[in-house]
Amino acid sequence: MAALTDYDCTRYGRQMMIGGWGVPGQERLKRARVFIVGAGGLGSPVALYLAAAGVGTIGLGDCDRPDLSNLNRQILYTDADLGRPKAEVAAEVLRRLNPAIAVNSSGERIAEHNIERIVGPVDLILDCLDNFDTRYVLNAYSVRHSIPLIHAAIWGLSGQITVLHPPRTPCLRCIFPDAPPREVFPVAGVTPGLAGCLQATEALKLLTGLGASLLGKLLVFDAEQMTFTTLTVERRPDCPACAGLIRT
Ligand SMILES: [Zn+2]
C-alpha cells in the first residue's frame, strides 16, 4: 500500500530529489497518519502543505465556522464559506488539492472525554490551536501515548514553535505551566503563515527522518525585526503532566 506509484513519483519528484528524502522518505510520508488540531491561521498552511507533500492520512479537528474577521489569515476559506463548518470546508479543500490522500475531519470540540476517539492512533499531532486549555488536553494525550506534538503559537508579528516528545524533551506544561488569559489578539496573516510553514517543515522532517529537528528547542521569531532565536528548553521535575515519565 505504501509503495509509490508512477503518479506519486511524478507528483512528489521534486521533493524526493532532496538528499536523504528519496523513495524511502516519500514512502514513509505515504504511510504516515497525522492529526491537525485547529484549522485556523496555523492549521491552514499546515494542512495545505502536508496534503500537497503527500502525507497519506490527514485528520483535522475544528469545531468553529469561519467568520469574516478570520479571512485575513485563515487561507483555507473564502467569503463563500462563511458560516459553514471549518472542518467540512477544510477537508473538501484538501481532497481537491490532493485526491491521492485520505482526509478525515471532525467538527467536535476536542476535550478530555473525546480526544481518544477523535485523534486516535497517529504518528504525529500538530497543535494549531489558539488557546492553552485545549492545548493542555492535547499535551496530556501526546504524553500518554508518546506521540510527538508540534506546537506553535502566534501574537501580532511574532511566534514560537517547538517539537515536544517527552521524556526526550519537555512537554508543553513544562515550558508553559500556566495558560495565558484568552483574548482577542492582533495578528497578521503572514504570522501564522510563517509559523505554520515551520510546523509543516518540522512534520515533514520528523516523518521522513530528515535533518535536525526542534526537539527540546523553542524557536521564537519576531517578524517585525525579522529575528529568529532558538532557545533550549528543559523538563520541569515537578511538571504535573510529565513528571512521571522516566528520563531516557
Ligand atoms: Zn512536562
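**Group meeting talk: a sheet and its helices**

Let me start with a hairpin. Strands E7 and E8 form it, with four residues between them. In the turn, Met-226 has a positive phi of about 55 degrees. Keep in mind that this is a predicted model.

Now the two strands themselves. E7 covers residues 217-222, and E8 covers residues 227-232. They pair in the antiparallel sense over six bridges. Leu-218 stands opposite Leu-231 in E8.

E7 has another partner, E6, residues 158-164. That pairing is antiparallel too, over five bridges. Here Leu-218 of E7 is the bridge partner of Thr-162. Leu-219, also in E7, is the bridge partner of Ile-161.

Step back to the whole sheet. What is the strand order? It runs E3-E2-E1-E4-E5-E6-E7-E8, an open sheet of eight strands with mixed pairing. The edge strands are E3 and E8, and each pairs on one side only. From one strand to the next, the twist averages 15 degrees.

Next, the helices on the sheet. H7, residues 132-145, touches E1, E4 and E5. Its direction makes about 165 degrees with that of E5. H9 also packs on the sheet, touching E1, E4, E5, E6, E7 and E8. For H9, the angle with E5 is about 170 degrees.

H9, residues 190-208, also packs with H4, residues 43-53. How far apart are their axes? They are 8 Å apart, at an angle of about 35 degrees. The crossing is right-handed. Among the contact residues are Tyr-49 and Leu-50 of H4, and Gly-193 and Gly-196 of H9. By class, that contact has ten nonpolar, three polar and no charged residues.

Definitions and conventions
Residues numbered from 1 in each chain as written. Predicted model: local features only at pLDDT ≥ 70, side-chain atom pairs only at ≥ 80, totals over all residues. Heavy atoms only, no water. Axes fitted to C-alpha atoms, helices over the stretch in contact; angles between N-to-C directions. Left-handed = near helix turned anticlockwise from the far one by under 90°. Contact = heavy atoms within 4.5 Å. Nonpolar A, V, L, I, M, F, W, Y, C, P; charged D, E, K, R; others polar. Pairing = 2+ DSSP bridges.
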